[in-house]
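Morning, everyone. I have one structure to walk through today. Please look at the screen.

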Amino acid sequence: MGDPKAFLNIPRQEAGYRPVSERITDFSQVEQTLNTNSRKLQASRCMDCGVPFCHWACPLGNKQPEWQDALYKGKWKEAYEVLSSTCDFPEFTGRICPALCEKSCVLKLSCNQPVTIRENEAAIVEAAFREGYIQVKSPKRNGKKVAVIGAGPAGLVVANQLNLKGYTITLFDKDEAAGGLLRFGIPNFKLDKNVIDRRIRILTAEGIQFKFGTEIDVNHLPEGFDAYCFCTGTPTARDLNIPGRELKGIYFALEMLSQQNRILAGQNFPKDKTVNAKGKKVLVIGGGDTGSDCIGTSIRQGATSVTQIEIMSQPPVGYNPSTPWPQWPIVFKTTSSHEEGCIRRWCLASHQFIGKNGKVAGVEVEEVEWIPSPNGDRPTMKPTGKKEIIEADMVLLAMGFLKPEHPQPAKNVFFAGDAATGASLVVRAMAEGRKAATEIDAYLSK
């Protein structure tokens, strides 16, 4: 490393977010950036620890110490080359990845100040675009054709990897543009859609053919392809089938999030079909990242109040002995959306939706306790009998997604990403995409 002792005297410095009072008035990205000198100093903190647990924790197997060193020395092109050797689209992961690598950094263990790996990654790829290091490639074709179904993170990676190997790729997607949940799930304030469009232009120039508005059934495959890869994600959201579910004003999280992103892209929706929180008391059911995205979107739309409830217990603050380093820590997390103003509550089970004139007006909830299992199995939920009604004239269900079931496929049909594993992280979907591309290449090379 260029400065093996930098971690001793240079503290962790995050770019941080734009002021709350400013960012809640628009959908622009909330995260700021550091200047080049500060970013190089942050890269210098990588301590040449000998056993890079960051590499171990990353589903893509990114070689963080190598590109941190290149970044610190100002070798931006080399840093990008090392980074892109394992990560197809670091402009995505550099913005929205929860950074499993940072939680396993040795500096996380020693002083709770891990290297700013994710932000450094974003800086490297942005420099690569700015300086022209990313050039359109013209792979030599091998005469074989592959259909990729689903243009989300996994599908884009499969298409990119196989295209660079010489396969002729057609990428089908049921939506009107590429990106999957990157475009139609993650809010613009976390990922500007111009970042996606920039990459799609490159993939198109490299020969990938995109066919939008086309839904492909695994039982009715388009002809003319040597192999097929389904990367259709987890399209079915987990529902909450309790009394009153039919009331108006109750939506799945993606109904709001996808529509808001489409509106920002210039689409119009009839007033009676618009999912908007303006002037409403919003209740978000589900404590994960999707629920957090609903909070930030509701605030920007003008909600009068936002409450988020979760059936599980509140995680420990700071440290959880059940998930010790270098595991991903299950601890209390505050997102940028939480900072913008909402009430958060835990250990609440929803019993019924309360209606008025056919519209939701509240939710009856009951406090529950979680009894630990003596043999380490899943804890048991125990109702306490303490019930109350939380007022709400809009309810957003953000309780995750159901793993899709697929029929036994033909030998030339593959699955990747959430379609194969169930709902997970973008970085894991991308890793699955690389794995599937390798398997397809091996199959077609026999």
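Some ground rules. This is a predicted model, where local features need pLDDT of at least 70 and side-chain atom pairs count only at pLDDT 80 or more, while totals for chains, interfaces and linings use all residues. Numbering starts from 1 along each chain as its sequence is written, and side-chain values use heavy atoms, with hydrogens and water left out.

Domains, then. The domain assignment gives domain 1 (6-131), domain 2 (145-235 + 402-445) and domain 3 (250-397). Those bounds come from an automatic or database domain assignment. The C-alpha centres of domain 2 and domain 3 lie 30 Å apart. Across that pair, 12 residues of domain 2 are in contact with 12 residues of domain 3. Contact means heavy atoms within 4.5 Å.

Next, the second largest pocket. It holds about 330 Å³ of space. Of its 17 lining residues, Y80, S84, K137, L164 and R199 are the closest to its centre. Here is how that is defined. We use a 1 Å grid over the protein atoms alone; a cavity is a set of points where a 1.4 Å probe fits but cannot get out, a pocket is an open set with protein on both sides within 12 Å along at least five of seven lines, and lining residues have an atom within 4 Å of a point. Points are joined across faces, edges and corners, and the volume is the space filled by probe spheres set on them.

Which helices each supply at least two residues of that lining? They are α6 (76-84), α11 (153-164) and α13 (193-205). The largest share, 4 residues, comes from α6. Helices (H or I, at least four residues) and strands (E, at least two) are DSSP runs, numbered from the N terminus. By domain, the lining draws at least three residues from each of domain 1 and domain 2. By class, there are 6 nonpolar, 4 polar and 7 charged residues. Nonpolar here is Ala, Val, Leu, Ile, Met, Phe, Trp, Tyr, Cys and Pro; charged is Asp, Glu, Lys and Arg; the others, Gly among them, are polar.

Now helix α3, residues 36-44. Its buried residues are S38, R39, Q42, A43 and S44. Buried means under 20% relative accessible area, exposed over 50%, partly exposed in between, with a 1.4 Å probe and protein chains only. What do those residues pack against? The partners are α1 (6-9), α5 (64-72), α6 and α10 (117-131). At the N-terminal end, N35 caps α3, with a side-chain oxygen 3.2 Å from the backbone nitrogen of N37.

On to N62, in the loop between α4 (53-57) and α5. Is N62 buried or exposed? N62 counts as buried because its relative accessibility is 4%. Its side chain makes a polar contact with the side chain of T86, at 2.5 Å. A polar contact is a pair of N or O atoms within 3.5 Å; within protein, one must be able to donate a hydrogen and the other to accept it, and residues adjacent in sequence count only if both atoms are side-chain atoms. Leaving out residues up to four places away in sequence, N62 touches H55, W67, L83, T86, C87 and E121.

Next, a pair: G213 and D175. They sit 38 residues apart in sequence, but 5.0 Å apart in space, C-alpha to C-alpha. G213 is in the loop between β3 (209-212) and β4 (227-230). D175 is in the loop between β2 (168-173) and α12 (181-184). G213 counts as exposed, at 58% relative accessibility. D175 is buried, at 15%.

Last, backbone geometry. Most residues other than glycine have a negative phi, and most peptide bonds are trans. A99, not a glycine, has a positive phi of about 65°. A99 lies between α7 (90-96) and α8 (100-103), in the loop, and is buried at 4% relative accessibility. N357 also has a positive phi, about 55°. N357 is in the loop between β9 (348-356) and β10 (359-371), and counts as exposed at 75%. Finally, W325 and P326 are joined by a cis peptide bond, with omega about 5°. P326 lies in the loop between β7 (305-309) and α16 (336-339).
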